[in-house]
Amino acid sequence: MDQRRTSRLIDPKVRHVGFFTPAAPPDSLPPPVSVSPSGNSLSPVMIPPPRHASDNLSSRAVGVPVPASTQRRSSTDNLPVGSYNPSESLLGTSPVLSPSSNLVNGEFSEDSANWIRRSNSGKLASSFPSGGFDLTAASEAKKVQGVSEKVGGTVVGVANDLPSSSKPLKEKTTKANRRALQESQRAAKAAAKGGAAPAHEQQVGKAVKAASHKKDGPLVTSSVAASEKKGGDRPPEKDRKKDVPLPRMQFDDKGRVEKAKRRAVVKQTEARNRVELFRHLPQYEHGTQLPDLETKFFQLDPMHPAVYKVGLQYLAGDILESNARCIAMLQAFQEAIKDYSTPPEKTLTRDLAAKINSFVSFLIECRPLSISMGNAIRFLKAHIAKLPVTLAESEAKASLCSDIDRFINEKIVVADKVIVRHAVTKIRDGDVLLTYGSSSVVEMILLHAHELGKNFRVVVVDSRPNLEGQALLRSLVGKGLSCTYTHINAVSYIMPEVTRVFLGAASVLSNGTVYSRVGTACVAMVAHAFHVPVLICCEAYKFHERVQLDSICSNELGDPDAISKVSGRVDINYLDNWANKENLQLLNLLYDATPSDYISMIITDYGMVPPTSVPVIVREYGSEHLLI
Amino acid sequence: MDFQVVVLAGGTSKKLVPLVSKEVPKALLPVANRPVLSYVLELLEQSNLKDLIVVVEGEDAALRVGGWISGAYVDRLHVEVAAVPEGVGTADALRAIARHLTANDILVVSGDLVCDVPPGAVAAAHRRHDAVVTSMLCSTPVSGSSDSGSSGGKDKAKKSGRCNIIGLDPTKQFLLHIATAAEVEKDIRLQKSILRAVGQMEIRADLMDAHLYAFNRSALQAVLDQKETFQSLKQDVLPYLVRSQLRSELLLNGAQAEENGNEKVASQNNKVMPSQLLANASTPSFHELYALGADGSAPVPRKTHKCCAYIASKSKYCARLNSIQAFNDINRDVTGEASHLSGYSFSAQNNIIHPSAVLGSKTTVGPQCMLGEGSQMGDKCSVKRSVIGRHCRIGSNVKVVNSVVMNHVTIGDGCSIQGSVICSNVQLQERVVLKDCQVGAGYVVTACSECRGESLARKEKIQSQ
């Protein structure tokens, strides 16, 4: 426990760098201790979440009602968590718990009691965050081993020195032991998987998978299974495996990349100057993909035209927003299902699932899936799997189509309406609302509030290269709202006059991290520093049980050319032919992770909740995604 | 992929007299000793498009084309040959086969196209934008080589016949204006409304309409039904669609209209939302912006449709055989710079001499030449950049430069042929000198005659046409 304390050492004054926060509540700040040796290992791209003060921690433990004893938690905290080191907080930690979050915590603690009861009945073996933290930590440590080997070593050393009472020795094993254990687990898992998904390696350091591996539990307990516990009896192992989204491929693994390439429909030339830190993500030459895919239009026989069209649109960047991408994909699948007919001697459930899989892999080649799309695919596959074998083909197809319609309607359209209704209550006359980028929900909220006659002003913050905020601005101005438009460079100048920040999200992860358009974290942090409440508007179908601590291990890279050029300025051509220069690498990250501490509230279709309650929603309603 | 392909093979084009005749319709004109239609069919076959409708003008021509296709492409392609009366325009041809068209989108290809641009690219661009029409544009080929020596005035006339004035939006994806050759002579009239909606238009004259279109079937049929006077796709239908793109009179995409109807019946305005969400999120083209009105709040969205353009990259070869000049050029290119199209493998000397061809002593066949099966050449001949067909008998001391000699041609001793086209079964007697001439099929050129820029054909042939 105290390892963490000792290593949180940033002088509070250091946190004022960049902008001055008028009145930081000094009481909740922990005492600065010393300078961490690992401070330098921080990557500039990563926004590490500040550590919680102990009161926050306990409240979090309530929000995440896992039968996690503080003891266990503290032991996990002792572990070297690689680059995610406690000492790295940039901004003030002062976790000002908003009254609302406290309140909701109260609600949920009740809930957690229920949960514990249920878990006592023995239905659940694994759960998420704390169960497998040791593993997460271990793999994390391995991943960033090059960077933090020394640091990790010292930290472990310190941890070993600490008299940590009744803790089993599990976590104290040496690094070599842990690695050996991990290797063996991986081998066992690969064996268990059989040939099902040989091309995919387990994402190291991704907590979803890791968390599902309890050391003493069965090896292939998926987190989906955890969320399915409500359904009573567990589906057989195979079904569950199907439900699990395949772990992302690690693109620095040459063999697998080669294999995937051979199967690929879209021509994927690897970018020459790949960013070293992001080698595990796909980095392709963007220029050649679209024309190449276009020429293959008629050669892709098994691909349904609707799916193909959506893929083209992803690749060309015609559809950007995550809701829209999800809807477009689902509608394409709907078309494909309508035109589907089961080949002789095959069953619909199996053959259609295989078809959908091939569509999905095509879409992934066009652009990596968003988390929301992953959830939607999971939903669709679960439905296909659950179709009774006796059902006639036409009925099965009709039922799937109506299921898709219902998903779109309930999880996106109606959810948006509910979110709008909730969010509007947070807008008062005289407010100055700030939003970043363009989120369809936020747009609806603002327009609805305007229709209600509320008197407020909007600040649209935008950033290159997509400048999607301009579309939002156009629609807002068209409707007569008074707006201010600025770029993200000026966010700290505009922030003092802002009273609320509304942000959209691509996903909310179960540790409360908001995964969203790159720049969101920056806006949220600045808002937090100025004590402006940050409200995230996100439909619950985008929630994911994954835990992500940084924006490196899972992210998406955009076209580097997009940031090397300035639209409308032909004279700025310094970066022309940049790809030929070996010592230049352009990084166009698309997403970032905002730690939950900067978020005051998440507005979702289940109400307004603090970020700590996200896992509850994932747990309580996650299975419902699959069952509606 | 829900595409149907219509190949408009034409009939006996008047522009190509005397090369074409009753026996040899335009589609069967040899390009590097292969009918020009085979280039299109093979291009389509490469793209896995094997169900084709070939429309031919005239019953006789249809029979010939059909016979050739069934001979050459039996069990490779599934081709339906439809005959339409002679002299009808391309739009009429499509009207005639309208009932065969069932797919969502239709790819209309001209039978005289020689190119290596994959039609899939056009189709993909079409689908991506949900366009009503997508037209393939390619850069205008350099017409006539310097040593073909055709007169300046003629050349110019041909050039203006080929080039179009084409207006594109800044992203080069949408067609904003298209004017064919005839209109170019006058002032260019642009529509203010389109210009206002787009903000910026790029006008180019270096692009050629390759006559490869993807049409939305319902839209195309609506236009064909409504506008009965429309004769030609290129001159009437396409400009009309481009002109009316911001005030569409089409009941666009029957399917979409149906959808809207259904939604209203279901009285769920919820269902409209996903499409709205989609529309909001996708980067709007000017069409959508215009449809919503300037302030984004037009009471009723204006009806628009999209006309797209696919611009083939400069590295691709693309030409249409629609004039005698083009015939010469294409023959030269297919054996020369675009040799990958010909499907033959070239020898080390960069020419193709059929093994059964017989060459006399001191006869040279230069690079970029082709000598067909069973042809015989006497002594001291020289062939440069020319295509010679099958079973020709060429005497001694003959010079053939930049010319096309079709099958079964007899050339006497001492002839000199330059920049000419000599059709099948022609007989050239001794010491004939031809420069930039076209000799119709079966013609006999008497000895020692000297022609320059003439078109020689049998009288009755011309009258019969």
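Which strands and helix of chain A do the buried residues of α21(A) pack against? The legends below start there. The model is predicted.

**Figure 1. Helix α21 of chain A is largely enclosed by the rest of the structure.**
This helix covers residues 520-529. Nine of its ten residues are buried, so the rest of the structure largely encloses the helix. The buried set is Thr520(A), Ala521(A), Val523(A), Ala524(A), Met525(A), Val526(A), Ala527(A), His528(A) and Ala529(A). Now the partners. The buried residues of α21(A) pack against one helix, α20 (491-494) of chain A. They also pack against the strands β1 (431-436), β4 (500-504), β6 (514-517), β7 (534-537) and β9 (591-594) of chain A. After α21(A) comes His531(A). The phi of His531(A) is positive, near 60°.

A disulfide needs two cysteine sulfur atoms within 2.5 Å. Cys538(A) is buried, with a relative accessible area of 0%. In chain B, look at Cys318(B). The closest cysteine sulfur to its own is in Cys138(B), at 3.1 Å. That is still too far for a bond. Cys318(B) is also buried, at 5% relative accessibility.

**Figure 2. Strands β8 and β13 of chain B run parallel.**
Strand β13(B) spans residues 307-311. Is β13(B) mostly covered or mostly open? The strand is mostly covered, with four of its five residues buried. Its partner here is β8(B), residues 133-139. Five bridges join the two strands. One place to look is Leu137(B), which stands opposite Ile311(B) in β13(B).

**Figure 3. A nonpolar patch lies on the surface of chain B.**
Which residues form this patch? They are Ile188(B), Leu190(B), Leu195(B) and Ile203(B). Together they have about 290 Å² of accessible area. Ile188(B) sits in the loop between α6 (181-184) and α7 (192-198) of chain B. The relative accessible area of Ile188(B) is 40%, so the residue is partly exposed.

**Figure 4. Ala83(B) belongs to strand β5 of chain B.**
The strand runs over residues 78-84. Ala83(B) is partly exposed, at 33% relative accessibility. Which residues does Ala83(B) touch, leaving aside those up to four places away in sequence? The contacts are Val56(B), Gly58(B), Glu59(B) and Ala62(B). Ala61(B) is 22 residues from Ala83(B) in sequence. In space, the two C-alpha atoms are 8.2 Å apart.

**Figure 5. Glu556(A) and Arg367(A) meet in a salt bridge.**
Side chains of opposite charge can pair when their charged atoms come close. How many salt bridges are there over all chains? A search of the whole structure finds 24. In this one, the N to O distance is 2.7 Å. Glu556(A) lies in the loop between β8 (543-544) and α22 (560-564) of chain A, and Arg367(A) lies in the loop between α15 (348-366) and α16 (371-386), so the pair ties together parts 189 residues apart in sequence. Glu556(A) is buried, at 6% relative accessibility. Arg367(A) is buried too, with a relative accessible area of 11%.

**Figure 6. Asp112(B) forms a salt bridge with Arg320(B).**
Their closest N and O atoms are 3.2 Å apart. Asp112(B) lies in the loop between β6 (105-110) and β7 (113-115) of chain B, and Arg320(B) lies in strand β14 (residues 318-320), so the pair ties together parts 208 residues apart in sequence. Are these residues buried or exposed? Asp112(B) is buried, at 2% relative accessibility. Arg320(B) is buried, at 13%.

**Figure 7. A network of salt bridges links four residues of chain B: Arg34(B), Glu42(B), Glu45(B) and Arg76(B).**
One of its pairs is Arg76(B) with Glu42(B), whose closest N and O atoms are 3.9 Å apart. This pair links distant parts of the chain, 34 residues apart. Arg76(B) is in the loop between α2 (59-72) and β5 of chain B. Glu42(B) is in helix α1 (residues 36-46) of chain B. Arg76(B) is partly exposed, with a relative accessible area of 36%. Glu42(B) is partly exposed, with 24%.

Note on methods. Residues numbered from 1 in each chain as written. Chains lettered and ligands numbered in written order. Predicted model: local features only at pLDDT ≥ 70, side-chain atom pairs only at ≥ 80, totals over all residues. Heavy atoms only, no water. Buried < 20%, exposed > 50% of the residue type's maximum accessible area, 1.4 Å probe, protein only. Contact = heavy atoms within 4.5 Å. Pairing = 2+ DSSP bridges. Patch = residues over 30% accessible without salt bridge, like charges linked within 9 Å, V, L, I, M, F, W, Y side chains within 5 Å. Areas by Shrake-Rupley, 256 points an atom, 1.4 Å probe, with all protein chains shown as cover. Salt bridge = Lys/Arg side-chain N within 4 Å of Asp/Glu carboxyl O.
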